[in-house]
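Thanks for coming. I have one structure to show today, and I will keep it short.

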Amino acid sequence: PDLGFFQRFIQNPTLLWVLKESTTLTTDSAIHIITLTGILLSILSLLLLPLAFRSNHYSISFITKIFLSTIYLSLYLCYLTLLYTAQKWLGFQWDILLLES
């Protein structure tokens, strides 16, 4: 039976479902884009971290913390995608422990 997007994502949680339905990228190109997105989001989070905890304005600190939370959720989804699509290379025990912590 034809499963909906949400059911497919629950069975196999990867961002490749989104990229497959919205673009004409190959799987290899999509994995490269997800990896580069993760790198850029990591750098952005490192740059925003001091602003979140050293700002004198409560509103800037609060908005930055919400933005950082969104970045960290996106990083988690990127890593989860790589874990499910590259199980042969990333299927070691320490990877699963990283996702659980």
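This is a predicted model: local features need pLDDT of at least 70, side-chain atom pairs count only at pLDDT 80 or more; totals for chains, interfaces and linings use all residues.

Residues are numbered from 1 along each chain as its sequence is written, and side-chain values use heavy atoms, with hydrogens and water left out.

The chain has 6 helices and 0 strands; these are DSSP runs numbered from the N terminus, helices being H or I of at least four residues and strands E of at least two.

Now the interior. Of the 101 residues, 24% are buried, meaning under 20% relative accessible area with a 1.4 Å probe and protein chains only; exposed means over 50%, and partly exposed is in between.

The largest nonpolar core consists of 6 residues: L16, L19, A30, I34, C78 and L82. A nonpolar core here is a set of buried Ala, Val, Leu, Ile, Met, Phe, Trp, Tyr and Cys residues joined through side-chain atoms within 4.5 Å. Helices α2 (16–22), α3 and α4 (58–85) each give at least two residues to this core. Apart from this core there is another, of 5 residues, including L41, A52, L68 and I71.

Last, the surface. Which residue in helix α3 (residues 27–54) do I pick out? L40. L40 has a relative accessible area of 58%, so L40 counts as exposed.
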